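User: Could you take a close look at the ligand site for me? I'd like to know what surrounds the ligand and how that part sits in the overall layout.

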Amino acid sequence: MKSYRIALIPGDGIGKEVVPAGRQVLEALAGTESGFQMEFESFDWGGDAYRKHGEMMPANGLDALRGKDAILFGSAGDPDIPDHITLWGLRLKICQGLDQYANVRPTRILPGIDAPLKRCRPEDLNWVIVRENTEGEYSGAGGRVHQGFPIEVATDLSVMTRAGVERIQRYAFKLAQSRPRKLLTVVTKSNAQRHAMVMWDDVAREVAKDFPDVACDKEMVDAMTARMVNRPASLDTIVATNLHADILSDLAAALAGSLGIGPTANINPERVYPSMFEPIHGSAFDIMGKGIANPVGTFWTAAMMLDHLGEAAAAARLMQAVEQVTANPALHTRDLGGTATTAQVTEAVCAAITSSRPLATA
Ligand code: NAD
Ligand code: MN
């Protein structure tokens, strides 16, 4: 029987609640006749490690991850530690260190979810946002000079390489090609940012030639926010820079009902390194420790992980169980207007998995 080595990094805040929930549904799934096993190893990296050792993760932490088949991640972010330290010390260190350059964020309105847009039917909103995940505005290049003095200067340098731009756009074109509508929207801001963003447009035009069956259009990021709200059905696959797609994907998750539902995959497409899967949300300080975090984002994320591992039937079975549960308002957590707890939703998804019949293998 196939066995997958999965690293679990719950991290901080509600990450510590939703990652164990994710493990529970994966175990339920592997325990059915899915034909595979999962070997979990948990890493207690994050804010607590920082308080103890002065580091979010050990210096050689990436070595422990390289041999894994995939990583399930919760969140980095602690109320008592500055956000740039927690984010750079853990999540960005892993994404950049394992060259997970494609951040993939699907959005759909799941059954039973009351999404905020008035005239948007569930079939009108079915998107995948592809975010460049290793450079651009979050390259980390820059610094502070004359720190603390009135003449202080601070820079965050956006670094766009042609290779980096081309590989993310190729990934997005391929993904668009694999979806029924074969439609890609390239988001930039090439009117105001006249160097790197113009290069994005140039590269898009060149890469598009290799994908003649994909319809490709272009949108400025500011206009894109309005289009997402006013004409959601006009979009399918979307590609954008690290910063732009970060913002657009939170908007997308909110338009689909809640930040607690959205999944994310940080993919190393060449599979030289393991890819990392995480819910789109952060540590949610306001609700951490209360047992009311919505675990659905982590479950959907786990389904993306299974797909990546080549377990499409198990992934479909998991999503079917998740959708069966979201369809029941009695099983909605507080972010969806309900009163269900993390544990109740998790148990309901596990029960739906166990009582479901295995789907035909794809
Ligand atoms: P957040 O996603 O943690 O929370 C935003 C709001 O959404 C909060 O009101 C929260 O209660 C709600 N929410 C989020 N996930 C939920 C869930 N699963 N169920 C129910 N409600 C949910 O974003 P924030 O407040 O901007 O950030 C808090 C911390 O998390 C910061 O330290 C930030 O840097 C970090 N963060 C980390 C990541 C990551 O590691 N990938 C992503 C985003 C934010
Ligand atoms: Mn974000």
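**Layout and ligand site**

Analyst: Let's start with the layout of this predicted model: the chain splits into domain 1 (1-102 + 285-362) and domain 2 (116-255). Their C-alpha centres are 25 Å apart, and the contact draws on eight residues from domain 1 and 10 residues from domain 2. Together, domain 1 and domain 2 bury about 830 Å², with 54% of that on carbon and sulfur atoms. On the domain 1 side, Gln96, Tyr101 and Ala102 account for 60% of the area buried against domain 2, more than any other three residues.

Now for the ligand. There are 20 residues around ligand 1, and Asp83, Gly282, Ala284, Asp286 and Asn294 come nearest. As for secondary structure, β3 (70-75) and α4 (83-97) each put at least two residues into that shell.

The polar contacts are worth checking one by one. Ala284 uses its backbone: an N or O atom there lies 2.7 Å from an oxygen atom of ligand 1. Glu278 works through its side chain, where an N or O atom is 3.1 Å from a nitrogen atom of the ligand. Arg91 also has a polar side-chain atom 3.5 Å from a nitrogen atom of ligand 1. As for how well wrapped the ligand is, it has 800 Å² of accessible area on its own, and the protein covers 72% of that.

Technical notes. Residues are numbered from 1 along each chain as its sequence is written. Chains are lettered from A and ligands numbered from 1 in the order in which they are written. This is a predicted model: local features need pLDDT of at least 70, side-chain atom pairs count only at pLDDT 80 or more; totals for chains, interfaces and linings use all residues. Side-chain values use heavy atoms; hydrogens and water are left out. A residue is near a molecule or strand if one of its heavy atoms lies within 4 Å of it. A polar contact is a pair of N or O atoms within 3.5 Å; within protein, one must be able to donate a hydrogen and the other to accept it, and residues adjacent in sequence count only if both atoms are side-chain atoms. Accessible areas come from the Shrake-Rupley method with a 1.4 Å probe; for residues, only the protein chains shown count as cover. Helices (H or I, at least four residues) and strands (E, at least two) are DSSP runs, numbered from the N terminus. Domain bounds come from an automatic or database domain assignment. Contact means heavy atoms within 4.5 Å. Buried area is the accessible area (1.4 Å probe) that two parts lose on being put together, summed over both.
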